[in-house]
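Have a look and see what you make of them.

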Amino acid sequence: MEIVEDVVIVGAGVAGLTTSLGLHRLGIRSLVLESSDKLRITGFAFTTWSNAWKALDAIGIGESLRCQHHLITSMVIASTFSDKPPSEAPFKGLEVRCLQRRLLLETLAKEVPNGTIRFSSKVVSIDESEGHFKRLHLADGTILKTKVLIGCDGVNSVVAKWLGLQKPAFAGRSAVRGNAHFKSGHGFEPKFKQLVGKVGRLGFLPCDDENVFWFFTWIPATKEEGMEEDPIKLKQFVANELKDASDEMKSIIANTSLECIISSPLRYRKPLELLLWGNISKGNVCVAGDALHPMTPDLGQGACSAMEDGVILARCLGEALLKPGVEDDDEEYKRIEMGLKKYGRERRWRSFDLVTTAFMVGFVLRNDGKMIRYLRDKFLLGFIGGLLLRKAGFDCGKL
């Protein structure tokens, strides 16, 4: 027996649930398929810039999340190679907070109707059905038919593969992410601090009075293979690299429990694929979030742009599905196709811009060549800070 749905979203992450809630606000029901048996909170937290808060306001949950997270006032970038004082860029006119992933996903999940998210539902294949439906085959044997299929299923997206998008490329770096918990409060300033060193780059910023999110990116050596699966080795590795760092930075690593530290290789979509030949949509199928534009974390825009995707996709799809006067299935399909093409046009350049800029910023910050290091420490750290601020000025608009 086949189950028929109007809109199926694959993946209950940031992009998938933002899209689902956006559609719900417009009166459109969707079914979200999540392969895990619960919400995935891997990554702990992420920098949430003004563009993301505009998206959260558009779907009506911004205010409830603001009150649970500190407002970050500036970004401070220092280098272990330079005698210059740290470069500080104030966040004037911008709203920047470190948003805990668990709180965001739980808030999104509570706002969509009961039964919207179906857990333990892994899509294994996609094919055409009669009419204009797409047929989804799940690992448990369930078969679903849908008028609209949206892939928000991450860097290993089944939907992206069906669209013909290439597998994301390895960026040559890995990232350790962690959450430090200070039971009696951390007392840190509300600033986003980064330290560029010989081996890698460390950054941290407070989420609230007790939690501090941090990351460390580096180019892994052969001797470090297998370390990503061992949190004890990961924590010791980062601690060793910070021997000459401030006591503040050392305390953050020390207050990170082993269950709150993870590592993963960094991957990105090749920019020319996004700009020139990659299919963001085809017929009644499209992708969003990491399934569309996986990027390195050097701009802090991965999850932020996923929220932009969700709002814009819900708006474009709403215009197609809610427009009166649909006479038959063929006309409805054409409207859906045009709505998804409009979404693709709006997101293609933005995705290309963010992926490309993030990769180049990461290259400059990681490069140990004498010339790049000299230019970076003398001139580019302040420029990079300003670049991050400019990319945060995007407005996805209302639903």
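How many salt bridges does a search of the whole structure find? The search turns up 29. Keep in mind that this is a predicted model.

1. Start with Glu 111 and Arg 25, whose side chains form a salt bridge at 2.9 Å, N to O. Glu 111 belongs to helix H4 (residues 101–111) and Arg 25 to helix H1 (residues 14–25), so this contact ties together parts 86 residues apart in sequence.

2. Next, Arg 173 and Asp 298: their side chains meet in a salt bridge at 2.6 Å, N to O. This pair links distant parts of the chain, with Arg 173 in strand E11 (residues 169–181) and Asp 298 in the loop between strand E17 (285–287) and helix H9 (302–322), 125 residues apart. Are these two buried or exposed? Both Arg 173 and Asp 298 are buried.

3. Then there's Lys 191 with Glu 189, a salt bridge in which the closest N and O atoms are 3.7 Å apart. Lys 191 has a relative accessible area of 16% and counts as buried because the cut-off is under 20%. Glu 189, at 42%, is partly exposed.

4. Which residues are linked in a network of salt bridges? Here the network takes in Asp 57, Glu 63, Arg 66, Glu 95 and Arg 97.

Definitions and conventions. Residues numbered from 1 in each chain as written. Predicted model: local features only at pLDDT ≥ 70, side-chain atom pairs only at ≥ 80, totals over all residues. Heavy atoms only, no water. Salt bridge = Lys/Arg side-chain N within 4 Å of Asp/Glu carboxyl O. Helix = DSSP H or I, 4+ residues; strand = E, 2+ residues; numbered from the N terminus. Buried < 20%, exposed > 50% of the residue type's maximum accessible area, 1.4 Å probe, protein only.
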